[in-house]
Amino acid sequence: MICIECSAPTETLYTEYSNKYVQLTECKNCHSEVDPYVEIDNVLLFIDLLLLKPGAYRHLVYNSMVVSLESFKDHYKDQRRRLPYHKSTPRLKVSIKNIFNWFKKYDTIIRLWVLLVVFEVYLTWVEEEEIYHTRERVPFNSVTLQLLMIYVNKWNALQQYMFFLAYCVLDNVLFHMFTLRLVKSWMPWGKTTNYSSQIVSYTILLSQGVKIFPILMLIWPYDNIISMSINKWIANLYLIESMKIVTNSSYGSIMQLLVIVFLLRFIVLNILVLALLSMITGDNLINNVLVVLSQTYFGLRTFVSELL
């Protein structure tokens, strides 16, 4: 637990008396209340998250999630690891209980991740179909997927949904995996902080909540392609600022890390999509890579020329 103002460690957030009166703890370092968000409604907390208030992020990440993880740290340890090999049934029960406890321990992260993926699947599906049907200039980051959309559009609705679900899950897994690996190996904060992986994952999920706003564009339709692109850039800015708040690292190191992560994710994800395209069409993977590289190059050149 920390003070959300100065990040100084603290032993308690509040004191509860016998008459159920709650008194917030005063920080010994900055002499302000350690965490006023203990008494604040979730709606106001959500608004402060959108406003990028540092205290809101520190409250959720350090004083809410980490405290919850601490309470479960011994829950899914296998207490029966020394059982003889032939007693398979008890081992199975222990394994099931450990899995259940794992889901219970990371309940908040899992629910938020599932919610965001469900929205992202639908938005990605809508965006890629609109690009495909309007035949507008294809964004350089959608070139590979648009080559596959020729075949995906021939599938039924369930098959298309499963494809975009797998695509979005893989996209998120790669992003989290590369980010966590680089944070723990590159940033000093990641090497010295307990639960650094969980903290970074939760921070990413909180900052990416802004990506669900394009759902409103399906109710009040306007230029979806441009608006969704702007929304993605805003989500990236939210990610940079939230990482700065939580890790207290410099903007330069965070941006360098995220640029590397985006490049790695882009390369790996596109290679996997091209491999699937080669399996469907029977074409050579190298030929598909060359086609994508040429189209991506022209897309980037057009994008840069428009900016200049």
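Author: Before we start, the expected span of a helix is 1.5 Å times one less than its number of residues. Helices here are DSSP runs of H or I, at least four residues, and strands are runs of E, at least two, all numbered from the N terminus. This is a predicted model, where local features need pLDDT of at least 70 and side-chain atom pairs count only at pLDDT 80 or more, while totals for chains, interfaces and linings use all residues. Residues are numbered from 1 along each chain as its sequence is written, and side-chain values use heavy atoms, with hydrogens and water left out.

Reader: What should helix α8 span?

Author: Helix α8 covers residues 196-207, which makes twelve residues.

Reader: How many of the twelve residues of α8 are buried?

Author: Buried means under 20% relative accessible area (exposed is over 50%, partly exposed in between; 1.4 Å probe, protein chains only). Ser196, Tyr202 and Ser207 are among the buried ones. Helix α8 is largely enclosed by the rest of the structure, because the buried count is twelve of the twelve.

Reader: Is histidine 31 buried or exposed?

Author: Histidine 31 sits in the loop between β2 (22-24) and α1 (42-50). Its phi is near 65 degrees, a positive value in a residue other than glycine. Most residues other than glycine have a negative phi. With a relative accessible area of 55%, histidine 31 is exposed.

Reader: Where does asparagine 248 lie?

Author: Asparagine 248 has a phi near 60 degrees, positive in a residue other than glycine. Its place is the loop between α9 (224-247) and α10 (251-281).
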